[in-house]
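Subject: A structure for you to look at

Hi there,

Here is the structure I promised to pass on to you. Have a look at it first, and then read on for what I found.

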Amino acid sequence: MTDGDRALDFDAVSRELAALGIHRVDGEPFTERQVRRLADDHKLPFFKAPHGRRLIMRSALMETVAAWQVNARREMSNARAEVERARRPKGRA
């Protein structure tokens, strides 16, 4: 755990994502229910606390968001490479 790290519930994660500028398509922040769905789909690494509520550490949330960015860049790079391969002539000239 890093300095200032804290456990976040679904509502707090919604606020953190909004603070990072990560919103729904319509520009509104993710709802608590949508964050719960992200957790259910294993897109956010929540854990079950001793009291039974699911939480995520803020540092883990930041790492996950950074991983989303890395994956997006990798996909973009792969798509560019595919377009470049498709443009090249096939066989010998």
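How many helices and strands does the chain have? There are 3 helices and 3 strands. Please keep in mind that this is a predicted model. If you start at the N terminus and follow the chain, the elements come in the order β-α-α-β-β-α. The chain is more spread out than a compact globule, because its radius of gyration is 19 Å, well over the 12 Å that the globule rule gives for 93 residues. You can also see this as a box: along the principal axes, the C-alpha atoms fill roughly 70 × 30 × 25 Å.

Next, the chain as a whole. Of its 93 residues, 23% are buried. The accessible surface comes to about 7,200 Å², and carbon and sulfur atoms account for 51% of that. If you take contacts between residues at least 6 apart in sequence, 49% of them join residues at least 24 apart.

Now please zoom in on helix H2, which spans residues 32–40. Which residues of H2 are buried? They are Val35, Leu38 and Ala39. These three cover an arc of only 100 degrees around the axis, so they sit on the same side of H2. On the face of H2 turned away from the buried side you will find the exposed residues Arg33 and Arg37. And what covers the buried residues of H2? The cover includes helix H1 (10–20) and strand S3 (54–57). Just after H2, take a look at His42, which has a positive phi of about 60 degrees.

Is Leu55 buried or exposed? With a relative accessible area of 11%, Leu55 is buried, because buried here means under 20%. Leaving aside neighbours within four places in sequence, Leu55 is in contact with Ala7, Leu8, Asp9, Pro45, Phe46, Phe47 and Ala49. Leu44 is 11 residues away from Leu55 along the chain, and their C-alpha atoms are separated by 10.0 Å.

Enjoy exploring it, and write back with any questions!

Best wishes

Key
Residues numbered from 1 in each chain as written. Predicted model: local features only at pLDDT ≥ 70, side-chain atom pairs only at ≥ 80, totals over all residues. Heavy atoms only, no water. Helix = DSSP H or I, 4+ residues; strand = E, 2+ residues; numbered from the N terminus. Rg over C-alpha atoms; globule rule 2.2 N^0.38 Å. Buried < 20%, exposed > 50% of the residue type's maximum accessible area, 1.4 Å probe, protein only. Contact = heavy atoms within 4.5 Å. Areas by Shrake-Rupley, 256 points an atom, 1.4 Å probe, with all protein chains shown as cover. Arc of directions from axis to C-beta.
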